[in-house]
Amino acid sequence: MKTIDPDLLMSALAEALETMAFVTINPEFDLTGCVTLLRVSLAFSGVIAGQLTLCAPRALGSVIAANLTAVDVESVTPENAADALRELANITAGLLLRQVCSPQEMPQLAIPIVSSTPAAVGPHSYCLAALSAEGHPVTIAFRTHA
Amino acid sequence: MKTTCLIVDDSAILRTMVARAVRLSGAGVETIVQAANGIEALAVLSATPVHLVLTDIHMPEMGGAELLAHMQADAKLAPIPVVIVSAEPSIDRMEDLCRNGARGYLRKPFSPENVRALIVPLLEQQHENN
């Protein structure tokens, strides 16, 4: 498996955001105004095992869900916003693992799990790469188990 | 012949997104029905004539691989083409599913053009067979 650096992580997240959800991204990261973030944890297992963790405000999930389904942001339900972030993590993990794992070591993805985390804790605990999407902060971390 | 497509994914957003991509692809699908997992999909298939199934792999209750196996084991359902739609990183696993009966796969993220290129020939073949 290739070494994962923040640039690789950032590029997989950016590709997922831009190609899946038509969301514009910006390298600046600002948590101002965020009280709670949704945290999506996606475990993977096999020859290489670990977890990808994505944190973002529900508002970004609403933007993505609205773009994916061609509805107004205001009409997106909280469940669908969480669903959109779950899918963002899923697609980012797929893109990332394809870049860093050989076919023989390609892990299996589990079903992503969403939970809430205080903004003051989430990004600092998990952040390895961070960017802004449509003005909303997104952080992503990738770790493998020994 | 009216063409019906079944979209199977545990994410409501993804079902809507795939349905939109199918409509935008111009493949001539008239009716889209949905299911949240393999068990629901089998219930839909037993009650509704379906010409194409687009399914995710990783779902609770029953995933896409198991759904495919159930369909392949049923003489009435086996001829319905199944396309896998997934972020699955392993091409080998996607191709294993094709060896087990799936007629193709779409890797997320995908465009309506990707959808069209894959499903139009399958639907044309279905029309010829019917």
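In the predicted model, the largest nonpolar core holds 76 residues, of which Leu54(A), Leu85(A), Leu88(A), Ala93(A) and Val83(B) touch the most other members; such a core is a set of buried Ala, Val, Leu, Ile, Met, Phe, Trp, Tyr and Cys residues joined through C-beta atoms within 7 Å, and a residue is buried if 20 or more other C-beta atoms, placed from the backbone, lie within 10 Å of its own. Helix H3 of chain A (residues 78-100) gives the most to this core, with 11 residues, helices being DSSP runs of H or I with at least four residues and strands runs of E with at least two, numbered from the N terminus. When residues up to four places away in sequence are not counted, Ala93(A) touches Leu42(A), Phe44(A), Leu52(A), Leu109(A) and Ala87(B), contact requiring C-beta atoms, placed from the backbone, within 7 Å.

The contact between the chains takes 23 residues from chain A and 17 residues from chain B. On the side of chain B that touches chain A, H1 and helix H4 (91-99) of chain B each supply at least two residues, and H1(B) gives the most, with 6 residues.

Within chain B, strands S1 (residues 4-8) and S2 (residues 31-35) pair in the parallel sense over 5 bridges, where pairing requires at least two DSSP bridges. Val8(B) stands opposite Ala35(B) in S2(B).

Residues are numbered from 1 along each chain as its sequence is written, with chains lettered from A and ligands numbered from 1 in the order in which they are written. Because this is a predicted model, local features need pLDDT of at least 70 and side-chain atom pairs count only at pLDDT 80 or more, whereas totals for chains, interfaces and linings use all residues.

Technical notes:
Contact = placed C-beta atoms within 7 Å. Buried ≥ 20, exposed ≤ 12 C-beta atoms within 10 Å, placed from the backbone.
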